[in-house]
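Subject: Structure for your files, with notes on its cavities and pockets

Dear colleague,

Please find the structure below.

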Amino acid sequence: MTPGRTSKQQRFIIGVIVISLLLSLLAARMFYLQTFRHNELYTQSENNRIRIQSVVPKRGVVMDRERRVIIDNRASYTLELVPSEINNTQTANLIADVLEISEGELNRRIRKNITGRFQPALVKRDLAFEKVAILEEQNEIFPGAVYRKDQARKYTTDLGSECFTGYVGEISSEEIERLDRSIYRAGTVIGKAGIEKYYDRELRGIEGTEYLEIAASGQILGVLESQSGVPEEPGSDLILTIDIDIQKVAVESFGEFCCGAAVVIDPRNGEVLAMVSKPSNDANIFSSVIPSDVWNSIVSDSNNPLLNRPLAGLYPPGSIYKLVIAGAGLELGLIDKISVFPSSCNGWYQFGIRPFGCWNKSGHAKTNIVQAIEQSCDVYFYQLGYQLGLEEYFRFSQACGFGKKTGIDLPIEAAGNTPNKEWYDNRIGKDQWTLAVLLNLAIGQGEILATPLQLAQFYCGIANNGRVYKPHMLKSEIGPDGRETSRGGEFSFYLPFSQNTLDILNEAIVGVVHGEKGTARGSKIKGTTMAGKTGTAQNPHGENHSWFVGFAPADNPAIVACVIIENAGHGSDHAAPAVKKIIQTYLEKHNLLTDDYKLTKAN
């Protein structure tokens with residue numbers, strides 16, 4: 001064998017070996033990809049072509065008792081980004097510039113709502129149409145940016161109704177952990193307060209899904225016909241007990257005063273006809289991203305517009321609480337209708353070394369219980385409260401619904417404070433307080449704190465012969481199939497008063513408005529008899545708070561209205577006229593005023 005021939009054969013053999021090795025490696029790689037990574041690669045391939053998109057159903061509309069819209073929906077745009085297609089910093093910068101946010105904020109929003117690299121992550125709701133136009137016109141420089149039509153809540157703005165409508169917002173990470181994950185996911189809009197929160201499940205409906213076909217460039221080609229999605233189910237429409245006409249009058253009744261609350265209830269069934277918290281916020285500003293300057297102005301407002309005063313405003317009730325004390329005294333036999341106390345009112349009452357003043361510095365002389373309520377004599381109630389004692393004070397207060405929530409179908413209700421011996425021992429110290437606290441408690445001052453809703457509920461019981469219905473906002477629900485279901489009207493409890501006690505209390509509070517010396521005699525309504533009670537609650541932070549609770553017609557009550565106006569002074573000066581305006585509007589609307597009123601109005 002010649003040397004040249006040997007070398008040629010060796011090169012051929014080496015070449016065959018190298019090629020064989022390369023083919024073997026290629027075959028092994030193909031085997032690995034086909035066998036071990038088949039599912040992963042198939043999924044990636046499908047994700048490049050098919051996108052599963054949630055279909056958010058129409059959120060239910062909310063209406064008043066006459067089916068006038070309070071909360072509706074409006075069209076909006078939502079921007080989503082596909083993380084796998086935001087493939088360079090320049091793209092992220094451009095999108096952040098359009099949204100007028102930092103790139104860091106953009107990445108935070110993507111991380112918050114990401115469910116997969118190939119699935120869109122929500123980054124901006126209620127996108128302005130001008131932004132949509134930019135994204136549409138220059139779509140080639142925004143790969144991965146997907147905008148779609150959406151819906152946003154629209155709240156009627158002239159009702160001052162944010163205290164009961166609440167608002168919606170994007171779900172938080174804490175809510176996702178706490179709630180049903182089969183319903184709620186990242187990016188979900190959820191009720192955050194009020195009716196929107198309490199009835200979120202009814203309003204939101206059930207999400208559906210659809211399959212979209214996507215081009216390699218990221219462009220949506222349309223719905224994939226070969227894959228059937230799940231149809232969405234719209235949310236229920238809700239009919240509230242609210243009457244828009246009464247709600248508007250309740251808002252207007254505050255006049256120029258900045259702060260306070262109003263609660264109006266039908267005592268025959270607990271339906272809330274109006275609810276006002278003043279000052280109030282426009283719920284529309286919470287349904288989108290709140291500009292920082294707007295939010296800062298809200299949280300820095302010394303009038304605290306974030307406080308829901310009807311439900312969570314805790315106030316000393318003042319003299320409107322005297323009916324609890326009077327009822328307890330009558331039930332326990334400490335007094336009867338005609339009995340008087342040994343010490344007459346000469347403008348003050350001496351208890352030990354401390355004088356306790358009456359609001360009327362010239363005094364009321366001797367009064368019985370009817371006269372004491374009619375004229376709101378503090379000296380009478382100092383003596384009655386002391387005889388009642390702290391244990392019975394606490395027992396009757398609790399039995400009348402104070403110191404606990406009413407159970408209204410709204411979130412964030414406060415229980416108030418009804419102190420007892422244990423409360424004083426813990427707060428002040430054992431044997432560090434005296435029974436003088438009873439004198440203040442008896443006139444609705446001191447440590448007793450109640451919400452306007454609790455006081456309205458109590459007077460509903462007085463108006464309704466002792467029977468108390470749970471206050472409620474929902475009257476009926478209309479499901480997606482159009483069927484309507486009535487809700488509410490649930491009995492709650494009986495006041496701990498006999499018929500004789502209720503008759504005496506009712507006679508007294510009619511005297512408050514119609515008696516010669518009644519403290520609200522300036523707020524009579526022509527054509528009906530109104531019962532009510534004034535209150536002037538001392539306020540350590542400023543002028544006294546003005547209270548009034550009234551109902552009418554006194555012999556067959558159809559409406560109870562409770563108003564507190566902060567820092568407004570005497571109850572008879574401002575709160576009583578406000579209640580008069582509300583009740584008069586209701587009675588006129590329902591033709592419950594006699595001909596006297598009609599003649600007066602005609603003239």
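**Cavities and pockets**

The lining of the second largest cavity is made up of 6 nonpolar, 2 polar and 1 charged residues. Please keep in mind that this is a predicted model. The volume of this second largest cavity is about 40 Å³. Its lining consists of I265, D266, P267, G270, Q457, C460, V468, Y469 and P471. Strand 11 (260-266), helix 18 (452-463) and strand 15 (467-469) are the elements that give two or more residues to this lining.

N464 belongs to the loop between helix 18 and strand 15. Is N464 buried or exposed? N464 counts as buried because its relative accessible area is 18%, and the cut-off for buried is under 20%. Apart from its neighbours within four places in sequence, N464 has contacts with P267, R268 and Y469. Of these contacts, P267 and Y469 are also named in the lining of the second largest cavity.

In total, the structure has 2 cavities of 30 Å³ or more. The largest cavity has a volume of about 60 Å³. Around it are V340, F341, S343, S344, C345, A365, K366, T367, C377, V379, Y380 and Q383. By class, that lining comprises 7 nonpolar, 4 polar and 1 charged residues.

The largest pocket holds about 1,200 Å³ of space. It is lined by 47 residues, of which L122, R125, E170, G187 and V189 are the closest to its centre. The elements that each supply at least two lining residues include strand 1 (50-55), strand 3 (69-81), helix 4 (103-113) and strand 4 (121-124). The lining of the largest pocket divides into 15 nonpolar, 15 polar and 17 charged residues.

The second largest pocket has a volume of about 490 Å³. Its lining has 22 residues, and S319, W359, D378, T536 and H570 are the closest to its centre. Two or more lining residues come from each of strand 14 (354-357), helix 15 (378-399) and strand 19 (531-537). Which element gives the largest share of this lining? That is strand 19, with 3 residues. The classes in the lining of the second largest pocket are 5 nonpolar, 15 polar and 2 charged.

Regards

Technical notes: Residues numbered from 1 in each chain as written. Predicted model: local features only at pLDDT ≥ 70, side-chain atom pairs only at ≥ 80, totals over all residues. Heavy atoms only, no water. 1 Å grid on protein atoms, 1.4 Å probe; cavity = no way out; pocket = protein on both sides within 12 Å on 5 of 7 lines; lining within 4 Å. Points joined across faces, edges and corners; volume = space filled by probe spheres on them. Nonpolar A, V, L, I, M, F, W, Y, C, P; charged D, E, K, R; others polar. Helix = DSSP H or I, 4+ residues; strand = E, 2+ residues; numbered from the N terminus. Buried < 20%, exposed > 50% of the residue type's maximum accessible area, 1.4 Å probe, protein only. Contact = heavy atoms within 4.5 Å.
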